[in-house]
Amino acid sequence: MKKKIKVLHIVQSPGGVERYIKMLLRYFDKDRFDNILIASYDYHEEEYEGLVSKFENVEMHRKIDLIKDFQTICNLRKIIKKYQPDIVYMHSSKAGADGRIANLGLNNISIYNPHGWAFNMDIGKKKKMLYKIIEKILTPYCTKIIAISEFEKKAAIENGICKSDKICVIFNGVDIEEYKQNKGDYHITRQELGIPDNALVFGTVGRLSRQKAPDTFVNMARLIKNQIPEAYFLFVGSGEEEEQVKDLILDNSLDDCVKITGWVSDPMQYIKLFDVAFLLSRWEGFGLVLAEYMLAEKPIVATNVDAIPDLVIDGYNGLLVKSDHPEEACEAALRIINDSSFREKIIKNGLEIVNTRFDVRRVVKETQNLIRGLLDENSI
């Protein structure tokens, strides 16, 4: 029997990155690959039974802290030496920084996937510059960088992070097979959430954070409510801006028609209740939920920023609007509600696109092929 390829994954960030990791591990060829997961304490071992052969938690922090980061790097280096993997695959910016330093001089292939560049966030100039400097310094210390969209690759090259031959694009994906299997078991109803039977539900999935622009969604809700009295609005998620969002809902007298679910383990249960699905982000490295909207056959309104046009073609499988522009988002939503033939067209096209371009099994196949190719090239 051929020796298994040992892949050690390092991950710090929860949320979308965690969903990605779980999907990736679920479909890896377990006859050919042995996966090990080293994760922050946001991750729980029991959720990875059957997906990995070994699991270890390490104290990792999102913010830069030289003392804490030094300890994390030391711990990661001990673990890498302990398992002696063929591949070290680092997910997210912080895990990528700590992991690349920890892996210096060790005999393996290293892959880094930032899952969205930190310097593309809407942050101050000094922070942007710091993140760019860190990425430029650490780029030589990994074998390959994976971008999750063409936008992410272009941003890396234009900002001098790396040359084009250092980075490849493996588009993100969703678990189509799991959705088909679970579709009949989704049980959450409008009644359970207090949504009237005759309501038109306008929903969004994502963290209540500045990136996802929940304030724009609330301001749009006020405009839609003036046009559609039976409109109801659903936030699926939680986040650091939840209290500000609740205040804004009250200020706009929308508290009887807006619901925040808080964090949920399976957003698809809620997406199925939407009549129109939104992603009004101010910046976005990929926007995995857009693929989930398409899979659930929901018409999409999204902002025309960063990687979103890689998934949504304006007028073909959704509508694109300017960021921070609730008026445009309202107009797009009304068009979808009022034009049934257009609505059916973008739903049909979205379902076709997600099935052909954004299946996680394609992501796994491309990742496995990349790993094999790197091992062949470097003869490890």
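Author: A cavity is a set of points, on a 1 Å grid over the protein atoms alone, where a 1.4 Å probe fits but cannot get out, and its lining residues are those with an atom within 4 Å of a point. Grid points are joined across faces, edges and corners, and the volume is the space filled by probe spheres set on the points. This is a predicted model, in which local features need pLDDT of at least 70 and side-chain atom pairs count only at pLDDT 80 or more, while totals for chains, interfaces and linings use all residues. Residues are numbered from 1 along each chain as its sequence is written, and side-chain values use heavy atoms, with hydrogens and water left out.

On these terms, a search of the whole structure finds two cavities of 30 Å³ or more. The largest cavity has a volume of about 80 Å³, and its lining consists of Thr204, Val205, Gly206, Arg207, Leu208, Lys212, Pro214, Phe217, Phe235, Val236, Gly237 and Leu280. Two or more of these lining residues come from each of β8 (200–205), α8 (214–227) and β9 (231–236), where helices (H or I, at least four residues) and strands (E, at least two) are DSSP runs numbered from the N terminus.

The lining of the second largest cavity divides into six nonpolar, two polar and two charged residues.

Several of the elements named so far belong to a sheet. Six strands form an open sheet in the order β10-β9-β8-β11-β12-β13, with parallel pairing, and two strands are said to pair if DSSP finds at least two bridges between them. The edges are β10 (258–260) and β13 (319–321), each of which pairs on one side only. Direction ignored, neighbouring strands of this sheet are turned by 20 degrees against each other on average; axes are lines fitted to C-alpha atoms, for helices over the stretch in contact, and angles run from 0 to 180 degrees between N-to-C directions. In general, strands of a sheet pair through backbone hydrogen bonds, either parallel or antiparallel. Strand β12 (residues 300–303) pairs with β13 in the parallel sense over three bridges, and alanine 302 has leucine 320 in β13 as its bridge partner. Helix α11 packs on the sheet, touching β8, β11 (276–279) and β12, and its direction makes about 170 degrees with that of β11; contact means heavy atoms within 4.5 Å.

Alanine 213 is found in the loop between β8 and α8, and its phi is near 55 degrees, a positive value in a residue other than glycine. Alanine 213 is buried, with a relative accessible area of 0%, where buried means under 20% relative accessible area, exposed over 50%, and partly exposed in between (1.4 Å probe, protein chains only). Aspartate 324, in the loop between β13 and α13 (326–338), likewise has a phi near 55 degrees, a positive value in a residue other than glycine. Aspartate 324, however, is partly exposed, with a relative accessible area of 43%.

The buried residues of α3 are Lys94, Ala95, Gly96, Ala97, Asp98, Gly99, Arg100 and Ala102, and what covers them includes β1 (5–11), α2 (66–83), β4 (87–91), β5 (109–113) and α4 (125–138). Within α2, isoleucine 79 is itself buried, with a relative accessible area of 7%, and it touches Leu8, Ile38, Glu56 and Val58, not counting residues up to four places away in sequence.

How values were computed. On a 1 Å grid over the protein atoms alone, a cavity is a set of points where a 1.4 Å probe fits but cannot get out, and a pocket is an open set with protein on both sides within 12 Å along at least five of seven lines; lining residues have an atom within 4 Å of a point. Ala, Val, Leu, Ile, Met, Phe, Trp, Tyr, Cys and Pro count as nonpolar, Asp, Glu, Lys and Arg as charged, and the others, Gly among them, as polar.
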